[in-house]
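Here is a friendly briefing to read alongside the model. Take a moment with the sequence and the fold, then follow the points below.

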Amino acid sequence: MRHKILIVDDEENILLVVKEAFAGKYEVFTASEGAAAIEIVKRERPAFMFLDIKMPGMSGIEVLDLVKGTGVEPIVWMLTGEEDLKVAAATLENGAQGYITKPFDIDVIRKVVVNALEDLGKTKSQKASGEKPWHVKGKE
């Protein structure tokens with residue numbers, strides 16, 4: 001069974017690029033707004049989720065809070081612009097495993113997902129032990 005991943009971003013080009021990067025390897029779902037993302041989480045139960053912080057309507061932070069109430073526990077990595085770094089860091093306290101700054105290198109995105117899913121058990125034990133997540137800088 002292939003892992004399911006969800007990409008949530010209001011920028012269509014980001015959804016397309018990231019979805020294409022994982023086509024064939026994972027079952028990939030996309031949402032351009034928060035309410036649709038919550039419905040996909042409930043229905044598909046993804047193992048991994050990229051979540052944009054700034055979206056019109058429901059923010060990524062609100063989506064992150066609502067995901068907690070679904071009973072599904074995907075590994076969540078936030079996507080953020082440089083100006084959002086304080087907010088992104090705060091999401092770590094709220095359950096996100098890490099964050100990636102935009103613009104990002106698609107190879108970095110691939111590496112984050114592959115490592116997270118390969119080490120799914122290890123990630124859960126780190127979360128339980130209180131180890132701090134980390135940040136991956138977008139492009140150098």
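**A buried valine and its surroundings**

Val41 is buried, since its relative accessibility is 0%, where under 20% is what counts as buried. This is a predicted model, so please read the values below as computed from it.

**Around Val41**

- Beyond its neighbours within four places in sequence, Val41 touches Leu6, Pro46, Met49, Val67, Thr70 and Val72.
- Lys4 is 37 residues away from Val41 along the chain, yet the C-alpha atoms of the two are separated by 9.9 Å.

**The chain as a whole**

- Six helices and six strands are found in the protein chain.
- In sequence order, these elements follow the pattern β-α-β-α-β-α-β-α-β-α-α-β.
- Of the 140 residues in the protein chain, 46% are buried.
- Among contacts in the protein chain with a separation of 6 or more, 64% join residues 24 or more positions apart.

**Helix H2 against helix H3**

- Helix H2 (residues 34-44) and helix H3 (residues 60-68) have axes that come within 10 Å and cross at roughly 25°.
- Angles under 35 degrees count as roughly parallel, so H2 is roughly parallel to H3.
- The H2 and H3 crossing is right-handed.
- On the H2 side, Gly34, Ala37, Ile38 and Val41 take part, and they meet Val63, Leu66 and Val67 of H3.
- Sorted by class, the residues of this contact of H2 with H3 are six nonpolar, one polar and no charged.

**Helix H1 against helix H5**

- Helix H1 (residues 12-22) packs with H5 at an angle of about 55°, and their axes are 10 Å apart.
- H1 and H5 are therefore oblique to each other, and their crossing is right-handed.
- H1 contributes Val17, Val18, Ala21 and Phe22 to the contact, while H5 contributes Ile106, Ile109, Arg110 and Val113.
- The contact of H1 with H5 holds seven nonpolar residues, no polar ones and one charged residue.

**Aromatic pairs**

- How many aromatic pairs does a search of the whole structure find? The search finds two.
- One of them joins Phe22 and Tyr26 in a tilted arrangement, at 5.7 Å centre to centre with 55° between the planes.
- Phe22, which also takes part in the contact of H1 with H5, is buried with a relative accessible area of 1%.
- Phe48 and Phe50 make an edge-to-face pair, at 4.8 Å centre to centre with 75° between the planes.
- Phe48 and Phe50 are both buried.

**Backbone points to check**

- Most residues other than glycine have a negative phi, and most peptide bonds are trans.
- Arg45 has a positive phi, near 55°, and is a residue other than glycine.
- Arg45 sits in the loop between H2 and strand S3 (48-52).
- Is the peptide bond from Lys102 to Pro103 cis or trans? That bond is cis, with omega near -5°.
- Pro103 lies in the loop between strand S5 (98-101) and helix H5 (106-118).

Terms used: Residues numbered from 1 in each chain as written. Predicted model: local features only at pLDDT ≥ 70, side-chain atom pairs only at ≥ 80, totals over all residues. Heavy atoms only, no water. Axes fitted to C-alpha atoms, helices over the stretch in contact; angles between N-to-C directions. Helix = DSSP H or I, 4+ residues; strand = E, 2+ residues; numbered from the N terminus. Parallel < 35°, antiparallel > 145°, perpendicular 65-115°, else oblique. Left-handed = near helix turned anticlockwise from the far one by under 90°. Contact = heavy atoms within 4.5 Å. Nonpolar A, V, L, I, M, F, W, Y, C, P; charged D, E, K, R; others polar. Phe/Tyr/Trp six-rings, centres within 6.5 Å; stacked < 30°, edge-to-face > 60°. Buried < 20%, exposed > 50% of the residue type's maximum accessible area, 1.4 Å probe, protein only.
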